[in-house]
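Please look through the following points with the structure open beside you.

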Amino acid sequence: MLIILKFLLLFLFFYSKPIAASDECISEKNLKIGIMNNDYIDYRYYLYYELGNYAQENSINFELNIVDKNVDDFDIIFGEYNDLKNFSTTEILLPDKIKKFYEDNGLDIKNNILPLDLDTLIILSNESYSLKNLEELSNFYSPIKYTFAMSFNNNDELSKLIQLSSHQDTLKLESHTIESTLSLYNKIYNNSNKNILDANYDELYNSFESKENLFTLFSDGVMLYKNLENSYFNLFPQNKFIWNENLGVFSEISNSIPYSYYGFSAYINNTNQIGLICHFTKDEVRKNTFKNFNLQISPFSMSELRNFENLPIGYEKIIELKNKYIIEIDQNLSSQINLVRDIIYEKQNYRDLIKSDIYLNY
């Protein structure tokens, strides 16, 4: 009887422990945080600010360092989702508070990469324009301003644009849709602001504030920064036509789709420090992030904006749909992004790249 009782106690101890842990936002005294190097957006001052608040509230110490082939040295690593997913992932048991945060925003998160940002690409203007498609943007021209501004040499940004504007999951150079899309980007590039091809985010934002361009590329989170005023936005326009392989003609796309990508995220190495993520998902922290940090960190759904007033007209519709169209950057596109850029820059002849004898069937 005594042996059975001991076995029962051991069983309850081991099998109840993960369930109990799921209710806790655990914090240990020494917290080691890593950040992925990022030449486009510098998240460090934001992390120092929130880590300082968290450390003070919980009487802990923290270190923040750049990750350099030393992933295992850190409890949590922050960076862009597309970079973090190169690390090994595993399913983890999340605290109830974090699970509720993602469930309230319509997301099912189970592995150890926790997104804190869901980006939908938009363009801002200082004048009121209504752009229906990519063809319209490519035909815009101003004699006194640049038509368009983005960091064309940012691989992730360019990859996202090609993917969402062509409605293509993967890059196939033989595709008529891809050829059409890159042709339009060539026209857009010819009228773009060449002074900021290598710009980081701050330089791009300064270009927008200086009113150098008719349209400037951003992620939708910029709309919430200090209630951005006297500006107008459009969902980034998409290709009006895609190639219909069955009919052998281009079919017209009637409605734009707010495709979204996970951006700023956290990679969890040590679940005993998961309390930090509980902090980052607090309502007041999220609101402060959107409103007072110009980092383009974007909300997941309207659940996060219920206390915001005077949202830009039309923005609520995008927020309501964005978490239903989450996609990942195509790795095939990422591996060929330099070639794609050369096509846009007219350094490479598109026809020379087509190796297939059945090109007309695509």
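1. The link of Cys25 and Cys278 is left-handed, with -85° about the S-S bond. It pairs distant parts of the chain, as the two cysteines are 253 residues apart. Cys25 sits in the loop between helix 1 (2-21) and strand 1 (30-35), while Cys278 belongs to helix 9 (residues 275-280). Keep in mind that this is a predicted model.

2. A disulfide is a covalent bond between the sulfur atoms of two cysteines. Here the S to S distance between Cys25 and Cys278 is 2.0 Å. The structure holds one disulfide.

3. Turning to the whole chain, its secondary structure comes to 13 helices and 13 strands. The chain has 362 residues, and buried residues make up 50% of them.

4. How much of the contact pattern joins residues at least 24 apart? Among contacts between residues at least 6 apart in sequence, the share is 78%.

5. The accessible surface of the chain comes to about 18,200 Å². Carbon and sulfur atoms account for 48% of that surface.

Key. Residues numbered from 1 in each chain as written. Predicted model: local features only at pLDDT ≥ 70, side-chain atom pairs only at ≥ 80, totals over all residues. Heavy atoms only, no water. Helix = DSSP H or I, 4+ residues; strand = E, 2+ residues; numbered from the N terminus. Buried < 20%, exposed > 50% of the residue type's maximum accessible area, 1.4 Å probe, protein only. Contact = heavy atoms within 4.5 Å. Areas by Shrake-Rupley, 256 points an atom, 1.4 Å probe, with all protein chains shown as cover. Disulfide = S-S within 2.5 Å.
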